[in-house]
Amino acid sequence: MTGRLNSAQPYALGLFRIVIGLLFTCHGAMTLFGVLGGADGQGGTVAAGTWPGWYAAVIQLVGGALVLLGLGTRFAAFVASGSMAYAYFKVHQPQALWPAENGGEAAAFFCWAMFLLIFTGSGALGLDQLFAKRQAASADRTATSKTTVTA
């Protein structure tokens, strides 16, 4: 049983990354474009350039899309995790200690989910993996052609 679960781990991680990236992207789109209820639940947006809401929404939209695609996953997750840590400690935590009391559950959850992706990478089904495979295949072809020429 453990062997089967271990063999499926890259795919489970890839699906985790896709779902987290999609949810994070949606959160940014809500704030920037007023979709899915908007920033205020009634289709409102955050004014462009306002600190920290607009910048957080841009990080959510772009970082979430990169994580969703599995492109530059570790870097995008690093920035996104830091953004959510800032959101939790500067916006939510001063209101109360526990996330359930201060409305910071989403910030805490996204912070830790993105933090996990920093260390695990994109898993299966990501563009990072596709580019890594292409690069490895190209390096193998180059190494093979060099040994053929020198032999």
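**Labels and their criteria**

Me: Why is F115 called partly exposed?

Reply: F115 has a relative accessible area of 36%. Buried means under 20%, exposed over 50%, and partly exposed in between (1.4 Å probe, protein chains only), so F115 is partly exposed. The model is a predicted one, in which local features need pLDDT of at least 70, side-chain atom pairs count only at pLDDT 80 or more, and totals for chains, interfaces and linings use all residues. Residues are numbered from 1 along each chain as its sequence is written, and side-chain values use heavy atoms, with hydrogens and water left out.

Me: What makes F115 and F119 an edge-to-face pair?

Reply: Rings of Phe, Tyr and Trp (its six-membered ring) pair if their centres lie within 6.5 Å; planes under 30 degrees apart count as stacked, over 60 as edge-to-face and the rest as tilted. The ring centres of F115 and F119 are 5.1 Å apart and their planes lie at 65°, so the pair is edge-to-face. Both residues belong to helix 5 (residues 105-120), 4 residues apart, about one turn of the helix. Helices here are DSSP runs (H or I, at least four residues), numbered from the N terminus. The structure holds 8 aromatic pairs, and one aromatic cluster is formed by W51, W54, Y55 and Y86.

Me: Why does F119 count as exposed?

Reply: The relative accessibility of F119 is 57%, so F119 counts as exposed.

Me: Why are C26 and C111 given their accessibility labels?

Reply: C26 has a relative accessible area of 27%, and is therefore partly exposed. C111 has 13%, and is therefore buried.

Me: What makes Q60 buried, and which residues does Q60 touch?

Reply: Q60 has 5% relative accessibility, so Q60 counts as buried. Q60 is found in helix 2 (residues 53-69). Not counting residues up to four places away in sequence, Q60 touches F24, T25, H27, G28, T31, A65 and M84, where contact means heavy atoms within 4.5 Å.

Me: Why is L69 called partly exposed?

Reply: L69, which lies in helix 2, has 44% relative accessibility and therefore counts as partly exposed.

Conventions: Helices (H or I, at least four residues) and strands (E, at least two) are DSSP runs, numbered from the N terminus.
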